[in-house]
Amino acid sequence: MTDWAPLYRHRPSARWTNGDLAAKVGFDLGLPPDDEQRWLLDAIYAEKAPGRPASFEVAVIGPRQNIKTSTLGIAALADLFVFGVEKHLWSAHLDDTACKTFADFKAWIATNPDYLEQVRFYEGHQDRAIVHEESGRRIDFGSRTGKASRGLTGVERVTIDEALYLEPRHMGAIYPTMLTRPGAQVRIGSSAGMVGSAALRGIRDRGRLGKDARLAYVEYGAPRRPCADEKCLHAVGTPGCALDDRELWWWANCALWCGRITEDALEDQRRSLPPEEFMREFLSWWEDPLSLGGAFSPDAWERSTDAGLEQPEQVPAIGLAGSPDGAYGAIGSAAMLGDDRLALALVDRRRGQWWMVAEAKRIQDVHGCAVVVDGRGPLSYLVPDLTEAGVALTVLDMGEWVDACASLWRRVEDGKATHNGDRDLSAAVLGAAWRDVGDRRAFGRKAGDISALEAVTLAAKVALEGGDYDVLDSIG
């Protein structure tokens, strides 16, 4: 049998761990932890000093019914019965989920009379708690949209269940309240993220790098493999369909490794679930914007990255673009390299948009480049101000904008474009999709702000067409 392992696993250095004490609680309650669960418990209870966790955040991503809730549940109960944590908040996305988890905790505690006699249970409409009678220590259960989101006073530990639905505002409500508690810890559990799981995706990206000194991270899943037929619809039993690959099932589901679930059980899920749900829930294939079919193919943009790319000496144009709500503005550049590649760069991106009038004037005065805008786009209202400021504008009409999108897309797909991997520019590409313009198409918004992509697209229109422009040393 292959020695299976998580896709990513990292925990900060520590002087010791009390994970064995938490594991004993699991044994006492009929939840004996396997090796993977023991690793997670060791990460949770690793310390650099007494009462000072080595990790402020501990995150586990994996398929359903494999490791997350049971292990984090053992930890929450160990906090209550062993480690003297005064208040632990268990936060779920929905109240129904919080209610079910509360019922699971009650059932676990009921298996051991010694534990059961120490606690009492409270259950109201949206208020549920397990309280240690002698000490008053407690675990509160609730949804992030219910009363639990407001009951953060005195909390030392927070478990964020169903983190694929976590929103920035939820993090803003939870994290700052723990600032004055040196022993505070946030534990995060989730299946693979959906397209809207921006908060979880940020945690994932930090965890996968393995460089965050205060984040312990483990992610279970299978590597993506294409089906034999690129047009496969993933019907059960289709020859060569990746979703029927048993090796991928074993790779992703750590509960198979110790026998807590079986292949037969996964077969039932495969037959019953829509393919998109099965691949996310049991292969841990994230629904990232690009993987869902954005404006660019999944690998083309990544292949075009050149981290060492320097600003070309000749930049014929900059493009100006902005988000429809006026929140952000972006300036991008494009230039042809000697090897016939199109070099793209994000020159600047800031909050607001009025700043671009003075900045476009400054850049054009210093470098003599063309300044390109979409005459029907979100920045059309700035055209009079740009003109009044003395900026010589190249204004594209709708047809020219559609041409610009098509030509840049073709360049990227054919491997004839390059960029330095700028985070904001790449995020804009991930958030872009196609929208219909008559019987043609142009870049549209699928998620977030794509003004950085629009800005380099406008600049590329001039760069690809050539022209008599001054040579630039740099932009900035």
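## Helix H13 and its packing

The buried residues of H13 pack against E13, E14, E15, strand E16 (370-374) and helix H14 (383-388). The model is a predicted one, in which local features need pLDDT of at least 70 and side-chain atom pairs count only at pLDDT 80 or more, whereas totals for chains, interfaces and linings use all residues. Residues are numbered from 1 along each chain as its sequence is written, and side-chain values use heavy atoms, with hydrogens and water left out.

Helices (H or I, at least four residues) and strands (E, at least two) are DSSP runs numbered from the N terminus, and contact means heavy atoms within 4.5 Å. A residue is called buried under 20% relative accessible area, exposed over 50% and partly exposed in between, with a 1.4 Å probe and protein chains only. In H13 the buried residues are Trp 355, Met 356, Val 357, Glu 359, Ala 360, Ile 363, Gln 364 and His 367. Gly 368, which follows H13, has a positive phi near 70°.

## Two helices compared with their expected spans

The expected span of a helix is 1.5 Å times one less than its number of residues. The table sets out this value beside the C-alpha span from the first residue to the last.

| Helix | Residues | Length | Span | Expected span |
|---|---|---|---|---|
| H4 | 95-110 | 16 residues | 23 Å | 22 Å |
| H13 | 355-367 | 13 residues | 18 Å | 18 Å |

For H4, the buried residues are Asp 95, Thr 97, Ala 98, Thr 101, Phe 102, Phe 105, Trp 108 and Ile 109. They cover an arc of only 155° around the axis, which puts them on the same side of H4; the arc is that of the directions from the helix axis to the C-beta atoms. On the other side of H4, Asp 96 and Lys 100 are exposed. The partners against which the buried residues of H4 pack are helix H3 (68-81), strand E6 (87-92), helix H5 (113-116), strand E7 (119-123), strand E8 (128-132) and strand E9 (138-143).

## The chain as a whole

The protein chain contains 17 helices and 20 strands, and its C-alpha atoms fill a box of roughly 85 × 55 × 45 Å along the principal axes. Of its 476 residues, 52% count as buried. Among contacts between residues at least 6 apart in sequence, 70% join residues at least 24 apart.

The chain exposes about 21200 Å², of which carbon and sulfur atoms supply 50%; accessible areas come from the Shrake-Rupley method with a 1.4 Å probe, and for residues only the protein chains shown count as cover. There are 55 positive and 71 negative side chains, and the centres of the two sets lie 4 Å apart. Here Lys and Arg count as positive and Asp and Glu as negative, while His and the chain ends are not counted; the place of a charge is taken as NZ of Lys, CZ of Arg, CG of Asp or CD of Glu.

## Residues in loops and at a helix end

Ser 284 is placed in the loop between helix H11 (275-282) and helix H12 (300-303), and it counts as buried because its relative accessibility is 4%. Asp 340 is in the loop between strand E14 (328-336) and strand E15 (342-351), and at 41% relative accessibility Asp 340 counts as partly exposed.

Leu 309 sits in the loop between H12 and strand E13 (317-322), and its 19% relative accessibility makes it count as buried. Leaving out residues up to four places away in sequence, Leu 309 touches Leu 337, Ala 343, Leu 344, Thr 418, His 419 and Asn 420. Leu 309 and Gly 421 are 112 residues apart in sequence, and their C-alpha atoms are 9.0 Å apart in space.

Asp 28, by contrast, belongs to helix H1 (residues 19-28), and at 23% relative accessibility Asp 28 counts as partly exposed. Asp 28 and Ala 14 are 14 residues apart in sequence and 27 Å apart in space, C-alpha to C-alpha. Not counting residues up to four places away in sequence, Asp 28 touches Thr 111, Asn 112 and Tyr 115.
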